[in-house]
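Dear colleague,

A summary of the side-chain contacts follows it.

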Amino acid sequence: MNYITIGRFTVPADLLAAFAAIFIGALIYRAREKKSIGDWYWNSFFIYIAIYKLSYVVFNFKMFLDTPFSLLYFNGGTEGQILAFAGIAAYLFWIARKKESMVKVTEYLPAYFLFFLLYWTGLFAFSEEFIPAGVQALMALIFGVFYFKRMELSKEYAILFLMLEALVLSLFSNLLSAENLLIFALGIYLLVFQGLNKEELQH
């Protein structure tokens, strides 16, 4: 894992990329919609962080009892990531199915692509891998044009963006890493969920 030093602090590059992506993603949404993005967007991020960090206690209970402050420095690892992504999926399903829910399921996938395209761009850039960062930035720019032109993110377009991203990661990163596979799994889940929700509205 790469780290970035900011003043007296050292921050993991992936955490810094995630924070940058979530705030820039929210700003892009606001620029297009002229309103703030829904709470579900922020809640999903905090759910991920909370489960990922706290799962350390579950999987390393004895070590946590011996040194409670280790929670500040460690996380739940791959198992924690699986739980965190499952938590996001369950949360998004739950709020969409709530009675009188104001959440638009059609906003899930665009927000997913905005966040993760920016995240990978930032992660490569903070890791000083500038060629893949440039390719990712181009991908994010293409999606941004698509997004601002208000083109419908159909199943075909969503699969196309997922396949392009898989190609980029296979060239410059480890496509089959647990983190990348979980990110793609979340995208496929949102794609299926959006399709099922659309079919329900049509009936």
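The side chains of D66 and K62 form a salt bridge, with an N to O distance of 3.3 Å. Please note that the model is a predicted one. Both residues belong to helix α3 (residues 61-66), where D66 and K62 are 4 residues apart, about one turn of the helix. D66 is exposed, at a relative accessible area of 53%, and K62 is likewise exposed, at 61%.

The count of salt bridges comes to 3. R32, E33 and R150 are linked in a network of such bridges. Because E33 lies in helix α1 and R150 in the loop between α6 (130-148) and α7 (155-172), their pair ties together parts that are 117 residues apart in sequence. R32 counts as buried, with 18% relative accessibility, whereas E33 is partly exposed at 24%. R32 also lies over the face of Y147, at 4.1 Å from the ring centre.

Turning to the aromatic residues, the structure holds 28 aromatic pairs. One of them joins F19 and F45: the ring centres are 5.3 Å apart and the planes stand at 75 degrees, so the pair is edge-to-face. F19 is in helix α1 (residues 13-33) and F45 in helix α2 (residues 39-59), so this pair ties together parts that are 26 residues apart in sequence. F19 is partly exposed, with a relative accessible area of 35%, but F45 is buried, at 9%.

With kind regards

Key: Residues are numbered from 1 along each chain as its sequence is written. This is a predicted model: local features need pLDDT of at least 70, side-chain atom pairs count only at pLDDT 80 or more; totals for chains, interfaces and linings use all residues. Side-chain values use heavy atoms; hydrogens and water are left out. Rings of Phe, Tyr and Trp (its six-membered ring) pair if their centres lie within 6.5 Å; planes under 30 degrees apart count as stacked, over 60 as edge-to-face and the rest as tilted. Helices (H or I, at least four residues) and strands (E, at least two) are DSSP runs, numbered from the N terminus. Buried means under 20% relative accessible area, exposed over 50%, partly exposed in between (1.4 Å probe, protein chains only). A charge sits over a ring if NZ of Lys or CZ of Arg is within 6 Å of the ring centre and within 35 degrees of the ring normal. A salt bridge is a side-chain nitrogen of Lys or Arg within 4 Å of a carboxyl oxygen of Asp or Glu.
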